[in-house]
Amino acid sequence: MIEQWSEFNVAMAGATAALAGLVIVAASVNIAEIVKSRTLTARLLAAVATLVTALAVSALGLVPDLELAWYGGLIIVATLLATGFQVNATRLIARDPDPAHRVRPLKYLIGFLPLAAYVVAGVMVWAGHPSGLHLVAAGCLLAIVSAIVVSWVALVEVLR
């Protein structure tokens, strides 16, 4: 089943690697301002970790003869590692005393969307359910959207 997704995985591995690099370069332009805010730094780190997860999941989907159970298990492990960064960002956002940050849930929920898709996908793939691969694709696309939104917001907040 994984072989049918090879072109998608090749495209997503390249796209997520390039986007992760662009996010890092974009952040480095204003790094002095970004590091002044613990929440921005944590949110950008979580976004990059989610992109790296998308890269890893896509690359693992290209490994020849990888059994579905192993693929699903590796998706779960990669997702749990990235989730640690998102949990840290969420914790910092929740503790931010600035009343101007009223949309807090939106700031961290967007980071959990791709991770939730990946966890469910990993379990489904591990169990051998073919629909899990569709959720893998959704997780990858959500990771890209999430990272773009978080990066854009972070870079705009720095310039305010």
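Visitor: What makes helix H1 close to the expected span?
Guide: This is a predicted model. Helix H1 covers residues 6–29, which is 24 residues. The expected span is 1.5 Å times one less than the number of residues.

Visitor: Which residues of H1 are called buried, and what is the cut-off?
Guide: Buried means under 20% relative accessible area. In H1, Asn9, Met12, Ala13, Thr16, Leu19, Ala20, Val23 and Ala27 are buried.

Visitor: What covers the buried residues of H1?
Guide: The cover includes helix H2 (31–34), helix H3 (38–60), helix H4 (68–95) and helix H6 (131–158).

Visitor: How does the span of H4 compare with the one expected?
Guide: H4 has 28 residues and reaches 40 Å between its end C-alphas.

Visitor: Which residues of H4 are buried?
Guide: Among them are Tyr71, Gly72, Ile75, Gln86, Leu92 and Ile93. The buried residues of H4 also include Ala78, Thr79, Ala82 and Thr83.

Visitor: Why is Asp65 called exposed?
Guide: Exposed means over 50% relative accessible area. Asp65 has 72% relative accessibility, so Asp65 counts as exposed. Its place is in the loop between H3 and H4.

Visitor: What is the phi of Asp65?
Guide: Asp65 has a positive phi of about 60°, although it is not a glycine. Most residues other than glycine have a negative phi.

Visitor: How many helices and strands does the chain have?
Guide: The chain has six helices and zero strands. From the N terminus, the elements run α-α-α-α-α-α.

Visitor: Why is the chain called as compact as a globular protein of that length?
Guide: Its radius of gyration is 16 Å. The globule rule gives 15 Å for 160 residues. The values are close, so the chain is as compact as a globular protein of that length. Along its principal axes, the C-alpha trace spans about 50 × 25 × 20 Å.

Visitor: What share of the chain is buried?
Guide: Buried residues make up 42% of the 160 residues.

Note on methods
Residues are numbered from 1 along each chain as its sequence is written. This is a predicted model: local features need pLDDT of at least 70, side-chain atom pairs count only at pLDDT 80 or more; totals for chains, interfaces and linings use all residues. Side-chain values use heavy atoms; hydrogens and water are left out. Helices (H or I, at least four residues) and strands (E, at least two) are DSSP runs, numbered from the N terminus. The radius of gyration is taken over C-alpha atoms; the globule rule is 2.2 Å times the number of residues to the power 0.38. Buried means under 20% relative accessible area, exposed over 50%, partly exposed in between (1.4 Å probe, protein chains only). Contact means heavy atoms within 4.5 Å.
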